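Please study the protein shown here before reading the dialogue.

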Amino acid sequence: MQTPISVNEKKDFVRWFLNNYQLKKRESVWILNYLINHESLLSYVHFVQEVKLCPRGMEISAQGVQDPPFRFYKGQVMTNDAEKSFHDLRMNQEEPVYIQMNFEDAHKCSMYALVLEDNPYLPKDYYVNDRDKAEADKFLHSSLMTFRKRELEKQIDLALMKGDQTQFIALSNELIEVNKSLKLKS
C-alpha cells in the first residue's frame, strides 16, 4: 500500500514544475497556481499515469513533448477547454481529481516520482501487450514441458529397473512427444 502524498509535497512539486517547465497552454499555469493556493483542493489531487481512465482528470503538457497541450476528462467526456475544467475544479472541490503531467523525461524525474501515485483505475494488465503475452505463454509451456520431461525420464529409469517393458515403451513414446513439443515452441 502506498503512503499518502502530503499537501506540502504536492505543493513543492507544482512549484518546482512551474519554475522549470514552460507549459503549452497558459491556462494550465493558472490551474496549477490555483491548486497551490487552495490546500483543501490540493488534498484531493492525485498525480497518476493514464489519467484518461480516471473518472475526473487532467492531462497537462509542457513544451518539448508530443502530448496534447491540455485535456480534461470527466466520465466519458473529454475536452480541451481549460476554462471548463477550472470551473469544474472550483465547483467540485471535494471530489478527487487525477492529474497527469507530460514533460520531457518525466519517467526519470525524481521530483515527479515523489508525488506520483498508482492509478487505481488502471487495469492490472494494462501495460501487457500481445507480444508479452505470447512470450509468457511460450515460457510457461517450455517450463511445463521441461518439468514433464524430467519426470518422464525418472519414470523411464524406474520402469527399466523394474524390467517393465510395457511401461517403458509408453513412457518413451510420451517423452518423444514432449521433446517434439519443446522443439516446436523454441
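The dialogue that follows takes one feature at a time.

Q: What kind of model is this, and how are its residues numbered?
A: This is a predicted model, in which local features need pLDDT of at least 70 and side-chain atom pairs count only at pLDDT 80 or more, while totals for chains, interfaces and linings use all residues. Residues are numbered from 1 along each chain as its sequence is written, and side-chain values use heavy atoms, with hydrogens and water left out.

Q: How many helices and strands are there in the protein?
A: Helices (H or I, at least four residues) and strands (E, at least two) are DSSP runs, numbered from the N terminus. The protein has 7 helices and 5 strands. Along the sequence they follow the pattern α-α-α-β-β-β-β-α-β-α-α-α.

Q: What is the radius of gyration of the protein, and what would a compact globule have?
A: The radius is taken over C-alpha atoms, and the globule rule is 2.2 Å times the number of residues to the power 0.38. For 186 residues a compact globule would have a value near 16 Å, but the protein has 28 Å. Its C-alpha trace spans about 85 × 30 × 30 Å along the principal axes.

Q: What share of the residues in the protein is buried?
A: Buried means under 20% relative accessible area, exposed over 50%, and partly exposed in between (1.4 Å probe, protein chains only). Buried residues account for 33% of the 186 residues.

Q: What share of the contacts in the protein comes from residues 24 or more positions apart?
A: A contact means heavy atoms within 4.5 Å. Among contacts with a separation of 6 or more, 67% are between residues 24 or more positions apart.

Q: How many salt bridges does a search of the whole structure find?
A: A salt bridge is a side-chain nitrogen of Lys or Arg within 4 Å of a carboxyl oxygen of Asp or Glu. The search finds 9 salt bridges.

Q: Where do E39 and K11 lie in the chain?
A: The side chains of E39 and K11 meet in a salt bridge at 2.4 Å, N to O. This pair links distant parts of the chain, with E39 in helix α3 (residues 39-42) and K11 in helix α1 (residues 7-20), 28 residues apart. E39 is partly exposed, at 42% relative accessible area, whereas K11 is buried, at 11%.

Q: Which parts of the protein do K74 and E95 tie together?
A: The side chains of K74 and E95 form a salt bridge at 3.9 Å, N to O. K74 lies in strand β3 (residues 70-74) and E95 in the loop between α4 (82-91) and β5 (97-102), so the pair ties together parts that are 21 residues apart in sequence. K74 is partly exposed, with a relative accessible area of 32%, and E95 is partly exposed at 30%.

Q: In which helix do K180 and E177 lie?
A: Both lie in helix α7 (residues 165-185), 3 residues apart, about one turn of the helix. K180 is partly exposed at 46% relative accessibility, as is E177 at 47%. Elsewhere, salt bridges that share partners join R56, K74, D88 and E95 into one network.

Q: What is the phi of E50, and what is that of D105?
A: Most residues other than glycine have a negative phi. E50, which is not a glycine, has a positive phi of about 55°, and D105 has a positive phi near 60°. E50 is placed in the loop between β1 (45-47) and β2 (56-61) and is buried, at 17% relative accessible area. D105 is found in the loop between β5 and α5 (110-115) and is partly exposed, at 40%.
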